[in-house]
Amino acid sequence: LRSCMIDAETREIVSQGFPKFFNRGEHKSHDDIFDEQMSACMAGPAYQPWICATEKIDGSLIIRSVIEGKVHFRTRGQLDLGSFEDVVMAEVSKYPPLLVDTVGPSYSMLFEFQHPMFQIVVRPSAPSLTYLGDVDYPAWMVEPHFEPAVSLDSDGRRFPPEPKVTTFNSIEEMQKFLETAESTEGFVTIVQKYLKTKTEHP
């Protein structure tokens with residue numbers, strides 16, 4: 001597990017980031033499991049479209065959870081936002097539903113934060129928050145969203161934009177996409193919602 005917060009008394013998960021995943025070729029055992037599950041998906045049409053890819057965003061992971069009835073933001077491996085506090089919350093304030101404790105009370109919402117002051121590899125031109133998906137605690141399921149347009153909650157209020165998701169009908173189709181698609185940092189491929197691997201752009 002990666003960046004998991006557990007209540008010391010109840011032993012229940014209260015906040016969870018993405019399950020740990022690796023670059024393609026970094027760990028053979030991880031690649032083997034990923035390939036096995038990907039082949040199983042392709043063999044049964046009921047599993048589709050749960051093989052997909054999103055562009056890898058060059059930023060910092062932000063985890064939003066509701067803990068003891070209060071909205072809580074933190075970054076990976078931390079209990080809070082640390083030095084990101086002011087700049088992240090300035091961006092979060094643009095999306096009022098994220099500050100409401102009845103939104104997503106039983107799972108963590110994951111975002112990628114970019115800011116010119118916090119360059120990872122590529123310097124972004126402006127601050128941004130991208131909605132990556134949700135992590136459901138009991139099932140460890142990552143729920144990426146398939147609509148690239150800006151999301152709205154039931155009251156029509158705005159959520160952060162989401163990365164474009166491309167789905168595949170065959171392994172060959174996926175491989176061709178990863179070899180030819182344009183990207184600054186590469187892609188994250190997801191199979192059966194929870195197994196992920198990173199592929200650098202050639």
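A: E68 sits in the loop that links β5 (60-67) to β6 (70-75); strands here are DSSP runs of E, at least two residues long, numbered from the N terminus. This is a predicted model, in which local features need pLDDT of at least 70 and side-chain atom pairs count only at pLDDT 80 or more, while totals for chains, interfaces and linings use all residues. Residues are numbered from 1 along each chain as its sequence is written, and side-chain values use heavy atoms, with hydrogens and water left out.

Although E68 is not a glycine, its phi is positive, at about 50°. E68 has a relative accessible area of 74% and is therefore exposed; buried means under 20%, exposed over 50%, and partly exposed in between, with a 1.4 Å probe and protein chains only.

R11, in the loop between β1 (4-6) and β2 (13-16), is another residue other than glycine with a positive phi, near 65°. R11 counts as exposed because its relative accessibility is 60%.

V122 belongs to the loop between β7 (107-114) and β8 (128-136). Its relative accessible area is 36%, so V122 is partly exposed.

Strand β4 (residues 51-55) has 4 of its 5 residues buried, so the rest of the structure largely encloses it. β4 runs antiparallel to strand β11 (residues 187-191), with 5 bridges joining them; two strands pair if DSSP finds at least two bridges between them. T54 has V188 as its bridge partner in β11. β4 also pairs with strand β10 (residues 165-167) in the antiparallel sense, over 3 bridges, and there the bridge partner of C52 is T167.
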